[in-house]
Amino acid sequence: MVSASVDTPYPLYVDVLLPLALSRPLTYGCPVHWAHLLQVGVRVAVPFRRGQLLAGVVVATRSDPPDYPVKSVEEVLDSEPLLQPWQWDFWQWMADYYMCTLGEVLQAAVPSGLLPQSHTVFKPHPELPAHLYNLSATEYEILELIQARGEVNQEALNRLFGDQQALKATKSLVSKGFIIPEKELDRLWQPRREKFLRLSADYQDEKALSTAFEKLRRAPNQEKALLLYLKLAGFDSNPADGVPLKRILSEDPSLQPAIAALIKKGILCRSDQPSTYISPTGGGTSMPPALTSAQQAALESIHKSFQDGKPALLFGETASGKTEIYAHLIMEVLGKQSDAQVLLLVPEIAITTQLIERFRAYLGDSVAVYHSRFGENNRTEVWLSVLRNQRFRLVIGARSALLLPFAKLRLIVVDEEHDASFHQEEPPPRYQARDCAVTLAQKLRAFIVLGSATPSLESYHNSQKGKYSLVRLTERYGGASVPRFLVVDLSAEKKAHRLAGILSKPLITEMEKCLSDGRQIILFQNRKGYAPVLQCPFCGFVPQCRHCDISLTVYQKNKMLRCRYCGYSISLPSKCPACTYPDLLLLGFGTEKVEDTVQRIFPGVPYDRLDTDVARTISAYRRILERFENGDTRILIGTQMVTKGLDFAQVGLVAILSADTLLHYPDFRAAERTYQLLVQAAGRSGRRLTPGVVVIQTYKPHHPVIQAILSSDTPRFLATELEERGQFRYPPFVRLIKVRCACKDEQKALFAAQYLSERLMQLPHPPVLVGPAPPPVARIRALYLYDLILKILPNQRLLQSVKQALFLSLHDPPLHKKFSGVRTAIWVDP
């Protein structure tokens, strides 16, 4: 099936981009019978290494042959392009700016359901050898199976006989001439089809239907099934689409045999009809609420920024009603142009349940949700619908939604633009979705709004320079009161013996008052598990991960210790493994311990815990939030999932249980991110007329960040941070590139980082280098890590020269020869 290299000319040659870490497309020849279908943007199946077939995307066509032999395109998979013309240009920009390959961008952008790979299929040889005596027992069984079925794939044999046995046996059978291996593409994505039931043509009038019921008098289940069908059809004997079979069975699963009998008797007929993987949600009848005068003024300022051709930075306080402004903007854009599309980017899709429901009330089924945790069928259906501009006009999604093939994108809204979740860490491309959104809006001449109560320093700096338009919204929506802040000095509480484990006496008092008033509480601790460290007080032993340089986190409920990086786990020891001392200490605390403390101090008060250990799926997350919204739970304990995008009317108290763990993180953005997170958490309290309370527990009550939060003066905090960043040459005044060298051999990782450092210092205008040095966790998944930070002045030509030198250094043959086994990774604007 796979073509060998050929020297004969083809009528057409194509450059194909494959979903692999390749820096450029590969050239293939196109046979005559496929030439009429080939155009830029269609998918093709092409051979790669060892006969493997891959699906790739055509990015260029030409008639001139290359000066080297090429392989042939095996199959054209589309009749129309899968990509928009602008995507290729945008992907090239992403690959160049973030120093990754085009293939990695393709792999991140296109759902895997649209990029099938090949698998090996074994078929019997048409001329089997006469003698089978030289076969082993496993080989004989496999041969019999292949002959019986006609063909069997390698994966099925691996499951039946084990990987090693199956591979060894199939290799032997091929060499002996009993079977033939062939490469076939995985099943291509197909639109969903659904079974529908209708009355047969002979039974669609009332008289014939009465006759049918007469026939069924002795078959009560069939009579019941027919009655249920008519009920669900609205007693219409000939509904336009029929009734979905699964809808009938959802009412009464036991009726399946009765329905089969009705079909056999010719009373009902079954048909397959096109359907959707995304269930209809209804809605679309509501309108956004009227804007306040402050919101209207902000909206008009955003309109002016659009006229000036600038991105708008909507800097609005928490609970100031930014979402209502988004809604009016979106409805305006969609109302002006019938085929317009809008993208609403959110940091994490799981935390935006309320936002999605609100927009579906306005726009109904024309709202799509898109993120990487969606099923492949759903993602593929959204991709194709957005490409053809058929069904969805508003896409709400996480960072990957930015890569969808929009046909008529007119507006991009980036909500909570400061959030670190917009930065893709792994795998490549390691991109910042907010910055990519600004670039995409410029390329497509679309409007863009960045919204936040705590803008990132980069965006705020751009607004101060005039690159963005700054739009302020200082009033809380609906007259909501600013919460009252209470800072608890944990040092003083501990000295006065007023600390009940992890909850201080002032916090317990506020919780009791809040519960007695019938209101709800959110407790925030940005750490999962029960405790981050288990220590022996006698010998000092701390259980460490076998593969990472970090202590194992204690999970009390599961009686285990687990690494938060690689997942390595062991049972929770009852005594010290080093000296057998029985009483081990738990240092620090996570959400599990908060849960135990709440149970002990407030017995009988219903509570829930919200972190990724208990909310592994979006449906589980929604159930927890629904219980809290309905008032079924009074206390919600969680990590930063409870601080973002939630709007609960009855929340009267938000407590940050340990602000210090955020403040002391070794990162130049620690103050900025702590301020953002604490302000966002505080914003969940008192979002209606009744004032709320925010309690911050800390050992550093006089820390500048804590004092800035108390003053509620975000512009002043941003100005102070910008001054410090400029003084110490950090973003936004310089550009950063982080290079990480990782290897199982620590010396090799260090020497490779030093080699790169020496090469970069030879540039005419070298960047300022920090390191190489190990990161806070110096070994992860058995690889030793060394980071090299490059500080570059924000000059485009200088940035490009440093990137070019870094690229050449990383692809230098001596580096690969001398430092084999060293993996490198690059983060631009980390």
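Me: Buried means under 20% relative accessible area, exposed over 50% and partly exposed in between, with a 1.4 Å probe and protein chains only. Why is Glu417 called buried?

Reply: Glu417 has a relative accessible area of 0%. This is under 20%, so Glu417 counts as buried. The model is predicted: local features need pLDDT of at least 70, side-chain atom pairs count only at pLDDT 80 or more, and totals for chains, interfaces and linings use all residues. Residues are numbered from 1 along each chain as its sequence is written, and side-chain values use heavy atoms, with hydrogens and water left out.

Me: What makes the contact between Arg434 and Glu417 a salt bridge?

Reply: A salt bridge needs a side-chain nitrogen of Lys or Arg within 4 Å of a carboxyl oxygen of Asp or Glu. For Arg434 and Glu417 the N to O distance is 3.5 Å, so the pair qualifies. Arg434 lies in helix 15 and Glu417 in the loop between strand 16 and helix 15, so the bridge ties together parts 17 residues apart in sequence. Helices (H or I, at least four residues) and strands (E, at least two) are DSSP runs, numbered from the N terminus. Arg434, at 6%, is also buried.

Me: How do you know that Arg358 and Glu324 link distant parts of the chain?

Reply: Their closest N and O atoms are 3.1 Å apart, which makes a salt bridge. Arg358 belongs to helix 13 (residues 353-363) and Glu324 to helix 12 (residues 322-336), and the two are 34 residues apart. Glu324 is buried at 11%, while Arg358 is partly exposed at 27%.

Me: Why are Asp308 and Lys304 called partly exposed?

Reply: Asp308 has 43% relative accessibility and Lys304 has 48%. Both values fall between 20% and 50%, so both residues are partly exposed. Asp308 and Lys304 form a salt bridge too, with the closest N and O atoms 3.2 Å apart. The structure holds 25 salt bridges.

Me: What makes Glu416 and Arg729 worth a look in the backbone?

Reply: Most residues other than glycine have a negative phi, and most peptide bonds are trans. Glu416 has a positive phi of about 50°, and Arg729 one of about 60°. Glu416 sits in the loop between strand 16 (409-415) and helix 15 (433-444) and is buried at 12%. Arg729 lies in the loop between helix 24 and strand 32 and is partly exposed at 41%.

Me: Which residues are joined by a cis peptide bond with omega of about 10°?

Reply: Pro731 and Pro732 are. Pro732 is in the loop between helix 24 (714-728) and strand 32 (735-743).
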